[in-house]
Amino acid sequence: MNTLLKIKKSFKPTISIAAAQKIGAVNSELETLICELIDNPIPNDKPKTPVRVDVWLNYDDDNSFIQILDNSIGIPEHSIVEAFNYSGSANIGKLRLSRMGMGMKMVLFSLGEMDYIITKTKSNKPYIVRIANYTNRTEELEYTIEEYKGNEFPTYESGTLIRIKNCSEMLKNWTSKEHFNSFCSKIECTYPQLLNEYLNITIRYTKTKGQLWEHDCV
């Protein structure tokens, strides 16, 4: 990929943001939505390098965020739109379909609001995608895409980092480690065979007062 200048684009999604938010608020549990994002980087066939997914849940009232980082194949810039459409796939034929076919866009807006996505494909530079704020939910989605030059993204050959903000309604204010352990167990029960083969998942939960719980799924 050549040097990527900041470009503004837009597209008409197949599912409205309002529908996505309603599904997330009414019908989906936090672990179900997180698993949809964990599904995204899992390949069809066993890779040479195990897939690593780091899940970071940070509860801080209005500053809460959810972050998912993986070292999979990344999202090609020319097909980023497909990552947001219901049942669309930016890497069709290469990655497993998500179990519910919700698509990244529906999951993102079910959990909260997308802050940004940083992604990198092999032999290309990483780029960052941000979606604009909305005044009318029936309008097209506007987003900007530009080369990423920060240091949040690890030195992976390829991979994707998704950060979601305004998610305090979906993210739980856990006061006991038992709540965290229960959440981790539900994630583990979703991938029993893959965790033994080529999928590594680490889950971290933090709060503003320095609380940190971390778990490696087995």
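Trainee: Which residue takes a positive phi in the hairpin of β4 and β5?

Mentor: Ser123 does, with a phi near 70°, in a hairpin that has six residues between the strands. This is a predicted model, in which local features need pLDDT of at least 70, side-chain atom pairs count only at pLDDT 80 or more, and totals for chains, interfaces and linings use all residues. Residues are numbered from 1 along each chain as its sequence is written, and side-chain values use heavy atoms, with hydrogens and water left out.

Trainee: What makes β4 and β5 paired strands?

Mentor: Strands are DSSP runs of E with at least two residues, numbered from the N terminus, and two of them pair if DSSP finds at least two bridges between them. Three bridges join β4 (residues 113-120) to β5, so the antiparallel strands meet that definition. Ile118 has Ile128 in β5 as its bridge partner.

Trainee: How do you know that β5 is mostly covered?

Mentor: Four of the five residues in β5 (residues 127-131) are buried, meaning under 20% relative accessible area with a 1.4 Å probe on protein chains only, where exposed is over 50% and partly exposed lies in between. Five bridges also join β5 to the antiparallel strand β6 (residues 141-147), where Tyr143 is the bridge partner of Ile131.

Trainee: Why is Cys184 called buried?

Mentor: Cys184 has 0% relative accessibility and therefore counts as buried; Cys217, at 10%, is buried too.
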